[in-house]
Amino acid sequence: MFKSLTKKVTAGITAAALGFSIIFTAPATAEAIGWGDVIGVGISAAAARQQVKKQIANFNNTESGRNDLMAQFQTKYGVNEDPNLNARLDRIMSNLTVAVGKVDPSIYEKPYKYFVSADKSLNAACSLGHVMMVNTGAFDYLATDDEIAAIVGHEMGHGQKDHVAKGNEKNIMKAAVAQLGVIAAGGGTLANVVGALVLNNSVAHGSKKYETEADNMAWEYILHTDYNIGACAAVMQRLSELYGGKAQNKIAAILDPSDHPNTDKRRDNYAKKLYEYSGKHVSAKDGVITINGKKFTTVAKTTNMSSAERSFFVLGNLAKAYHNGKNAAKAVVHNGSIYLDDQLIMSPASGDEDVYTLAERLNAIK
């Protein structure tokens, strides 16, 4: 495990894949109560604001606050201590920390605290203070560590850009004001109220702008790893197939709230990045791989991936080959897989065309 990472696994948190998180909505009375009303319960507006900001900063920036937030999440949601899953997440976090560090060295000033949630939904999230979790369901639903790394990279994008604090301070303040009457009646302190609001609200990012920025950051991070760069598009394809890529149904609304762009658009954004990264040579749509405007192959589905999802992994390999000039080499077959120089292109599965046929076609159209 990379020495700068901090890991505490004692009890998990639920949140949402690639930031898909339940958005806490302030009580309706928050709008009706103004900051002037806090005077009636013995707290000035300025003092209340200051205390709210202080509590958010405590959870976000201090070691004691981060530890406290981590413990609250773990107590509330439970942890999966499966050694295999935790070892996989250790490796992913270690690899991504190095990658993020190449883009944003400030990661070493506030290393992530992370764990595997016991929740079985396909979720992952980063809260205040770089408190990170990946649900057990993410490992159940996603076939590869590349895809897990893509969703974790997205959440680290939120963390590095401090989206949770930026996106929630106003909502937390409104909700805190709405509960000042309860405080005045002996229902706790403002610090406790803010703490509870942070627990419920701090995995929501509140803005499509933030989600798009986190998607783009994930792409940059994955480029600095050995993970397949097609995984970002592949995981969006998977989510689209599971929950729908356009109109939200009841289940999808939980995982993909209104602060997120729709999943198909996010997949297409990544597909465009792959096309441009390849020098505009390769693309994929509905499982069909195209090279220089000519069809290369239709990728077969497997037991754990659709044709479209799997095609993005082939596209990732091709894009990397073209970006690095490996396309100048002759495609060869080695141990049942196709390579351009030392770059793996495709390992045909049952239902794919013959490996030698594919290699010959690749040489003819590349």
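Leaving aside neighbours within four places in sequence, which residues is Arg 238 in contact with? In this predicted model, the contacts are Tyr 141, Leu 142, Asn 304 and Glu 309. Arg 238 belongs to helix α11. The relative accessible area of Arg 238 is 17%. The residue is therefore buried, since the cut-off for burial is under 20%.

A second residue of α11 is Leu 242. Leu 242 has a relative accessible area of 34% and is partly exposed. Beyond its neighbours within four places in sequence, Leu 242 is in contact with Leu 122 and Tyr 141. In sequence, Leu 242 and Tyr 141 are 101 residues apart. In space, their C-alpha atoms are 9.4 Å apart.

Helix α11 also packs against α13. The angle between the two is about 160°, and their axes lie 8 Å apart. Angles over 145 degrees count as roughly antiparallel, so α11 and α13 are roughly antiparallel to each other. Their crossing is left-handed. On the α11 side, the contact is made by Cys 232, Ala 233, Met 236, Gln 237, Leu 239 and Ser 240. These meet Thr 263, Asp 264, Arg 266, Arg 267, Tyr 270, Ala 271 and Leu 274 in α13. By type, the residues of this contact divide into 7 nonpolar, 3 polar and 3 charged.

Helix α13 has a further partner in α14, which covers residues 307–323. Here the packing angle is about 30°, with the axes 8 Å apart. Angles under 35 degrees count as roughly parallel, so α13 and α14 are roughly parallel to each other. From α13, the contact involves Arg 267, Ala 271, Leu 274 and Tyr 277. Their counterparts in α14 are Phe 312, Leu 315, Gly 316, Ala 319, Lys 320 and His 323. The residues of this contact divide into 6 nonpolar, 2 polar and 2 charged. Arg 267, Ala 271 and Leu 274 take part in the contact with α14 and also in the contact with α11.

Helix α10 packs against both α11 and α13 through its buried residues. The helix spans residues 208–223 and has 16 residues. From its first C-alpha to its last, α10 reaches 23 Å, close to the 22 Å expected at 1.5 Å a residue. Its buried residues are Tyr 210, Glu 211, Ala 214, Asp 215, Met 217, Ala 218, Trp 219, Tyr 221 and Ile 222. An α-helix has 3.6 residues a turn, so residues three or four places apart point the same way. Besides α11 (231–243) and α13 (263–277), the buried residues of α10 pack against α4 (83–103), α6 (145–160) and α7 (163–178).

Two loop residues have a backbone feature to note. His 130 has a positive phi of about 60°, although it is not a glycine. His 130 sits in the loop between β3 (124–126) and β4 (131–135). Its relative accessibility is 5%, so His 130 counts as buried. Asn 335 is likewise not a glycine and has a positive phi, of about 50°. Asn 335 is found in the loop between β8 (331–334) and β9 (337–340). At 72% relative accessibility, Asn 335 counts as exposed.

Technical notes. Residues are numbered from 1 along each chain as its sequence is written. This is a predicted model: local features need pLDDT of at least 70, side-chain atom pairs count only at pLDDT 80 or more; totals for chains, interfaces and linings use all residues. Side-chain values use heavy atoms; hydrogens and water are left out. Helices (H or I, at least four residues) and strands (E, at least two) are DSSP runs, numbered from the N terminus. The expected span of a helix is 1.5 Å times one less than its number of residues. Buried means under 20% relative accessible area, exposed over 50%, partly exposed in between (1.4 Å probe, protein chains only). Contact means heavy atoms within 4.5 Å. Axes are lines fitted to C-alpha atoms, for helices over the stretch in contact, and angles run from 0 to 180 degrees between N-to-C directions. Angles under 35 degrees count as roughly parallel, over 145 as roughly antiparallel, 65 to 115 as roughly perpendicular and the rest as oblique. A crossing is left-handed if the near helix is turned anticlockwise from the far one by less than a right angle, and right-handed if clockwise. Ala, Val, Leu, Ile, Met, Phe, Trp, Tyr, Cys and Pro count as nonpolar, Asp, Glu, Lys and Arg as charged, and the others, Gly among them, as polar.
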